[in-house]
Amino acid sequence: MPDECVDLIYLDPPFFSNRNYEVIWGDEAEVRSFQDRWEGGIHVYVSWMRDRMMQLRRLLKPTGSIYLHCDWHASHYLKVMMDDVFDRGNFLNNVVWLYGLGGSSDRYWPRKHDDILWYSKEKDKHHFQATRVAATSQRMKGESKKSPDYWDIPTINNMAKERLGYPTQKPEALLQQIIESSSRPGDVVLDPFAGCGTALVVAERLRRRWVGIDISPTAVELMRRRMGRIGSASISVVGMPTTVEDLRLLKPFEFQNWVINKFVGTHSPRKSGDMGIDGFSFFNRYPIQVKQSEKVGRNVVDNFETAIRRNGDTAGYIVSFSFTRDAREEVARARLSDGLNIKLVTVADLLIDVPDLEDAAASGGILFAEPPLIAPREADARPSAEELLNSALRDADSN
Ligand SMILES: C[S@@+](CC[C@H](N)C(=O)[O-])C[C@H]1O[C@@H](n2cnc3c(N)ncnc32)[C@H](O)[C@@H]1O
């Protein structure tokens, strides 16, 4: 991106946790349980952030400002780094987001806030228009028209309408406060760790232009659909996996999400591996098994037959990079003698079209302007921390 092309940056990076796991579709506590896996510790994390911060500073216009969302894990280290990169004199404030939810403890004052470090690029040049927190608690309603530097905004709970199930999703009201006060209509807002795209959706609604970046294709696909849902046209998406080679490099859970997304499917309510069923297709509701491997053989087909029978189905899809001849023979046998209709689908096939959606089209079926958002995994279907770790280690071995 060119120098000085952005008016406002908001970032909510993974803090001091292993970045491999930040993208897992699951529950926050699970993701956080890998907290201490930044090899080399906090200093490696801070210098990783510093490299990114230097780039972000380069992108910011002289009239721009940047909000860095963090919490007690690393806020004190990040502030020293930010003072250095942006200059201490450009520090504007440490906004406190009071989110309410969370545990309590008999041992210490419970943690109920995040810190948002706010810096301008140049002294006294940044745009600012004071606003008032839109969704605020009863307690703050009586206060002045302008917000103080602590914002009482409820976090996304299980009942929240805007909840997408993405771990660490932030409330739209929080982003509204930042974007409305620190940019104008037509300005460019950048979120380089965009997650499920909260900042982008709010920017779009407030008629700002925007750029979002995320390392996770699952997140990017989710953002794309979320933007489609609010009627945003002409979005350009770059860097998504488009070839078999790209797909080979995905983390196992990213790969599984990619396949289920292709089928516009739903995740299995049970953990993968439990029953050999990872999800269900959109149109036929057939079970899908996903294997991120080559030469998937007869034993996998055998097991899948058992799994789909146990589930009361007579058809299903197995997706992998390639299948052995044995596997194809077993599929033919199962069709003739047991009446089971199993389709072996290669990833290369899926890049061209999706059998289930072809069936839909053939029956006069469905046409999506924008496919529905994929629902998050049920709690029971989420991998445990140990399973995630094992799957990543296996992945590292095979690479
Ligand atoms: C805390 S979440 C952001 C949540 C977001 N604010 C929202 O409301 O949905 C952090 C995001 O950073 C992404 N991420 C992690 N490492 C990254 C990297 N090196 N580059 C870009 N994105 C990264 C993760 O995939 C994750 O979606």
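How many residues surround the ligand, and which are the closest?

Figure 1. The ligand is surrounded by 19 residues. Thr-168, Lys-170, Phe-193, Gly-195 and Thr-198 are the closest. A residue is near a molecule if its C-beta atom, placed from the backbone, lies within 6 Å of it. Sorted by class, the shell holds nine nonpolar, five polar and five charged residues. Nonpolar covers Ala, Val, Leu, Ile, Met, Phe, Trp, Tyr, Cys and Pro; charged covers Asp, Glu, Lys and Arg; the others, Gly among them, are polar. The model is predicted: local features need pLDDT of at least 70, side-chain atom pairs count only at pLDDT 80 or more, and totals for chains, interfaces and linings use all residues. Numbering starts from 1 along each chain as its sequence is written.

**Figure 2. The whole chain.** The chain has 15 helices and twelve strands. These are DSSP runs, numbered from the N terminus: helices are H or I with at least four residues, strands are E with at least two. Of the 399 residues, 38% count as buried. Buried means that 20 or more other C-beta atoms lie within 10 Å of the residue's own; exposed means 12 or fewer; partly exposed is in between, with C-beta atoms placed from the backbone. Now take the contacts with a separation of 6 or more. Residues 24 or more positions apart account for 68% of them. A contact means that two C-beta atoms, placed from the backbone, lie within 7 Å.

**Figure 3. Helix H7 and its cover.** H7 spans residues 198-205, and six of its eight residues are buried. They are Thr-198, Ala-199, Leu-200, Val-201, Val-202 and Ala-203. What covers the buried residues of H7? The cover includes strands S1 (6-11), S6 (188-191) and S7 (209-212), together with helices H6 (172-182) and H8 (217-229). Just after H7, Arg-207 has a positive phi of about 60 degrees.

**Figure 4. H6 against H7.** Two packed helices are described by the angle between their axes and the distance between the axes. The axes of H6 and H7 come within 9 Å and cross at roughly 55 degrees. Axes are lines fitted to C-alpha atoms, for helices over the stretch in contact, and angles run from 0 to 180 degrees between N-to-C directions. H6 and H7 are therefore oblique to each other. Under 35 degrees counts as roughly parallel, over 145 as roughly antiparallel, 65 to 115 as roughly perpendicular, and the rest as oblique. The crossing of H6 and H7 is right-handed. From H6, Glu-172, Leu-175, Gln-176 and Ile-179 meet Thr-198, Ala-199, Val-201, Val-202 and Ala-203 of H7. Six of these contact residues are nonpolar, two polar and one charged.

**Figure 5. H7 against H8.** The axes of H7 and H8 come within 10 Å and cross at roughly 25 degrees. That makes H7 roughly parallel to H8. Their crossing is right-handed. Leu-200, Val-201 and Glu-204 of H7 make the contact with Met-223, Arg-226 and Met-227 of H8. Four of the residues are nonpolar, none polar and two charged.

**Figure 6. H8 against H10.** Helix H10 covers residues 252-262 and packs with H8 at an angle of about 30 degrees, with the axes 9 Å apart. Pro-217, Thr-218 and Glu-221 of H8 meet Glu-254, Asn-257, Trp-258 and Asn-261 of H10. By class, this contact has two nonpolar, three polar and two charged residues. Why is H10 described as largely enclosed? Nine of its eleven residues are buried, so the rest of the structure largely encloses H10. Among the buried ones are Phe-253, Phe-255, Trp-258 and Lys-262.

Figure 7. Val-85 sits in helix H4 (residues 75-86). Val-85 is partly exposed, with 17 other C-beta atoms within 10 Å. Leaving out residues up to four places away in sequence, Val-85 touches Arg-50, Met-53, Met-54 and Arg-57. Met-54 is 31 residues from Val-85 in sequence, yet 6.6 Å away in space, C-alpha to C-alpha. Trp-72 lies in the loop between strand S2 (60-70) and H4. Is Trp-72 buried or exposed? Trp-72 is exposed, with 11 other C-beta atoms within 10 Å. Trp-72 and Asp-115 are 43 residues apart along the chain, and 7.6 Å separates their C-alpha atoms.

Key: A crossing is left-handed if the near helix is turned anticlockwise from the far one by less than a right angle, and right-handed if clockwise.
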